[in-house]
Protein chains: 2
Amino acid sequence: MNAPLEPIDLEPQAPSDHEAAQNALERVQDLLRDHPMLEVLADREDPRDQAQLGESIEQLIPNYDFSALRETLDPLHPADVAFVLEALPRTERLVVFELVKASLDGDVLLELSEPVRESVIASMDTEELVEAVETLDADEIADLAPDLPPEVVEEVSEGLDPEEREQLRTAMSYPDDSVGARMDFELITVREDVSLEVVLRYLRRFDKLPDHTDKVFVVDREDNLRGTLSLDRLLVNEPEVMVEDVMARDGISFNALDDAGEAAKAFQRYDLVSAPVVAPGGRLIGRLTVADAVDVIQEEGDADLLSQAGLREDEDLFASVWASAKNRWMWLGLNLCTAFFASRVIGAFEGTISKVVALAALMPIVAGIAGNSGNQTMTLVIRSLALGQTNASNARRLIVKELGIAATNGLVWGTIAGLFAWWLYNDTPYGLKLGFTMMLAMMLNLLLGALVGMAVPLVLQRFGRDPALGSSVLLTFSTDSMGFFIFLGLATIFFR
Amino acid sequence: MNAPLEPIDLEPQAPSDHEAAQNALERVQDLLRDHPMLEVLADREDPRDQAQLGESIEQLIPNYDFSALRETLDPLHPADVAFVLEALPRTERLVVFELVKASLDGDVLLELSEPVRESVIASMDTEELVEAVETLDADEIADLAPDLPPEVVEEVSEGLDPEEREQLRTAMSYPDDSVGARMDFELITVREDVSLEVVLRYLRRFDKLPDHTDKVFVVDREDNLRGTLSLDRLLVNEPEVMVEDVMARDGISFNALDDAGEAAKAFQRYDLVSAPVVAPGGRLIGRLTVADAVDVIQEEGDADLLSQAGLREDEDLFASVWASAKNRWMWLGLNLCTAFFASRVIGAFEGTISKVVALAALMPIVAGIAGNSGNQTMTLVIRSLALGQTNASNARRLIVKELGIAATNGLVWGTIAGLFAWWLYNDTPYGLKLGFTMMLAMMLNLLLGALVGMAVPLVLQRFGRDPALGSSVLLTFSTDSMGFFIFLGLATIFFR
């Protein structure tokens, strides 16, 4: 564009809402630092038993003045309270949780990450838990249920009315990663043979519409989904118009057994706010909202990030050293095994290395670069599998392309590494040979890295496994072991 | 829960909407395979120039029967058309794009990933581009503008009415990662001194409300934001009620210069559907919707994933080998440099290695495990920085905890590795010494990995840089070079 675009209003920005939460955290930290009650708690024995700690805190709190802390906490949204709790050490965390208005406890539990939620729940007795959880909707109770003691779920379930109990039963019966486990039951339904005027009058009888109501659901007498009526159409059309004339009949709906991740993608792709969930016969049983979809997207991204680093699950920032170490062991153990194997490959060539010690210095280069290059290939393949873009018909093209890239990179980086090795060992009798070995080994190992980087996720996917899980261990294993084998094997031939 | 929960309706699921898109892709691939027109195109010279290719396709299409393909494409949502285009080779991609109804072109361009969008835009001439883009809203044009030739933006801008041109100017003036660059201008505003009846009548004058309208904005005569009126409150209250009595005055609003990522987090945290965007003085200038927030969350997750593997940007599945290879070079070059350095560290100890060749076989274990363990630490630190949970007051605790974990892991895995080394070289005179060297080196290098894994992101963050970018190269550099140095250095002392 030729006309220059001048920025408007470039003044310093007001604190965003996220900063408000961070400020609250800092104030809470300040107020709790050197607080006399925490000193008392620190002196008591066995502070690690959460139940005991929770009880002590409950007894001690009335003896101290916490008005400043309460003032900071009271205006906070449950999600912000959860944020503050996540960032506090365990004792401080329980003090703050104890101070939060009892009516909020359930909502705060919902917002906490799993490890922190477990630590908080462990500090509460059955009565407190029932009190906190019974304020929630059936679908929310179902979300918490796996972390709650069975007697709490049972007691809460008995306190529900029959309809809600049935909803709880329904929500708990679907697998974790299905739409059914994520849906809620806050449905507003209307019939198709009434006028918008009737719908408007019906809506006025509510105190509040469910969150994320962008449409109401049109059902027949058997609760079969007939279509949806968006608030948009309800508002722009005249009151005399009939629902059946303006409702959408072919909108997107999900089956309760659909994969939640796929549903979340549909929300993103079609910019949905809410969508009906039906049982296979077509009966409307719940609805999914964009808030659920956002959570699914976030959780899947998080899980990818953690599993790539070999963390079994999310960690409480203030978990004990022991618990955290255990969370990381499987991965380290697995990697130690592959490292042992690679070490034995090198061990098999000790004769060659003792002849030309320079090989020991150069071999990690061959293994490392192929690992990096293979990881690039693997990341792109896993990503395109996740997007559904790779199918039988273009997999072959993808393989040819990636092998082409690996060959190109092998030529470029192999030559550079070969020249480097030659230059480095120029004053020895085997400088040129070393350089050539290096180049050849780099090229072969880069090709191998690309092959493994493609094959592992494609094969895992073919067998119905998550292509991201475990791929990187297998890749490192191959590029290390085979890298050493190729390089030292070639050297054994050339330096015979 | 004691009462067993029986699953309901566990029948095979109907195809979700995502599967519909994948089915469309397969049909398109089938219809284009061995299509006579594609054979003609394949015979022509220089098929890589996108502009030329686009022109040839435009000329050839009228000579062939594409009715089956059109039938497949016509019912697709623009996002699904984009999905199909992403998964097609470049020639097929342009054929399909040419067949998509001209009125959809702009929407499809919006949905494409950047590399594919660039390839499609390169095939279109100015006139086609203007035609495609001028159907879009000002904020959407602004999103495309960086990828469009300047003359197209200028021509489109001249065709806009003054209000839209001003909006385009506004949207283009904000930095890429700000709320201002993401907001749209589809605002419905009302005054506070009118009744809901008036609002309802006003809304009926629209043909359609903007997508994601969950609230209308209440402004004064100077367009200053006074509050918001949710459709919920509009619908549940009686028509006689005044707007000022039911509007929300303290809802969340964003400043146009706020960080888009932070705003997206607020959408997730507070389950928002839309929120007003104001200029610093308080004037309402746009709105942000959850669809924008979801895109931001997705894009940030994607960028993390790609940059962790050292891919500069997203890759077109069907980009040329050369273009893709270049996308991966910086990372490989960087890693080659660190590998060379590590190689020189080993080179400095060639004397020791020639004495005890077993060292060469064992040293990669020391480097590898510390790298893996340091990466776990780093991933958690980067994550807690991104969540804003780490501040000055708990950073120290975090450091103590991570060092504790590293020491624990060092003891456990160092001992295992040491015993392994001892057992392996039991029949040599230096077996026990090797095992001890191994154990000590593992412990020290794991501690180093934890220190670097924490320090790098914390320091990058302190200096206002993205803590995720480049951290892993620095970590590998340290655990490799220092791992070799520690292990071989200790060995030099012990085996003197």
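Author: Start with the cut-off. A residue counts as buried if 20 or more other C-beta atoms lie within 10 Å of its own, and as exposed if 12 or fewer do. Anything in between is partly exposed. One caution before applying it: this is a predicted model.

Now take strand 2 of chain B, residues 215-219. By that cut-off, 5 of its 5 residues are buried, so the strand is largely enclosed by the rest of the structure. In a regular strand, side chains alternate between the two faces of the sheet. Each face can then be checked separately. On one side of strand 2 of chain B sit Lys215(B), Phe217(B) and Val219(B), all buried.

Strand 1 of chain B runs parallel to strand 2 of chain B, and 2 bridges join the pair. Across this pairing, Val190(B) stands opposite Val218(B).

Chain B has another open sheet to set beside this one. Its 3 strands are ordered 4-5-6, again with mixed pairing. Here strand 4 (254-255) and strand 6 (284-289) of chain B take the edge places, each with a single partner strand, so each has one side without a neighbour in the sheet. Strand 4 and strand 5 (residues 274-278) of chain B are parallel and joined by 2 bridges. In that pairing, Asn255(B) faces Val278(B) of strand 5.

Asp271(B) lies in the loop between helix 17 (260-270) and strand 5 of chain B. Most residues other than glycine have a negative phi. Asp271(B) has a positive phi, near 50 degrees. It has 18 C-beta neighbours inside 10 Å, so it counts as partly exposed. With 18 C-beta neighbours inside 10 Å, Asp271(A) is partly exposed.

How do the two chains relate? A rotation of 180 degrees, with 0.0 Å of shift along its axis, superposes chain A on chain B at an RMSD of 0.1 Å. That is the relation of a two-fold axis. The same surface serves both copies, since 99% of the contact residues of chain A recur in chain B. The contact involves 127 residues of chain A and 126 residues of chain B. Helix 21 (residues 358-386) of chain A gives the most to the chain A side, with 16 residues. That side divides into 63 nonpolar, 37 polar and 27 charged residues.

Asp184(A) lies between helix 13 (179-182) and strand 1 (189-190) of chain A. It has 24 C-beta neighbours inside 10 Å, so it counts as buried. Beyond its neighbours within four places in sequence, Asp184(A) is in contact with Asp137(A), Asp139(A), Gly286(A) and Arg287(A). Glu140(A) is 44 residues from Asp184(A) in sequence, and the two C-alpha atoms are 7.9 Å apart.

The domain assignment of chain A gives domain 1 (17-179), domain 2 (189-308) and domain 3 (321-494). The C-alpha centres of domain 2 and domain 3 of chain A are 49 Å apart.

Last, a helix for contrast with the strand. Helix 3 (residues 50-60) of chain A has three buried residues: Leu53(A), Gly54(A) and Ile57(A). Seen down the helix axis, they fall within an arc of 100 degrees, so they line one face. The buried residues of helix 3 pack against helix 6 (90-99) of chain A. The face turned away from the buried side carries exposed Ala51(A) and Gln59(A).

Definitions and conventions
Residues numbered from 1 in each chain as written. Chains lettered and ligands numbered in written order. Predicted model: local features only at pLDDT ≥ 70, side-chain atom pairs only at ≥ 80, totals over all residues. Pairing = 2+ DSSP bridges. Helix = DSSP H or I, 4+ residues; strand = E, 2+ residues; numbered from the N terminus. Least-squares fit on C-alpha atoms with pLDDT ≥ 70 in both. Contact = placed C-beta atoms within 7 Å. Arc of directions from axis to C-beta. Nonpolar A, V, L, I, M, F, W, Y, C, P; charged D, E, K, R; others polar. Domains from an automatic or database assignment.
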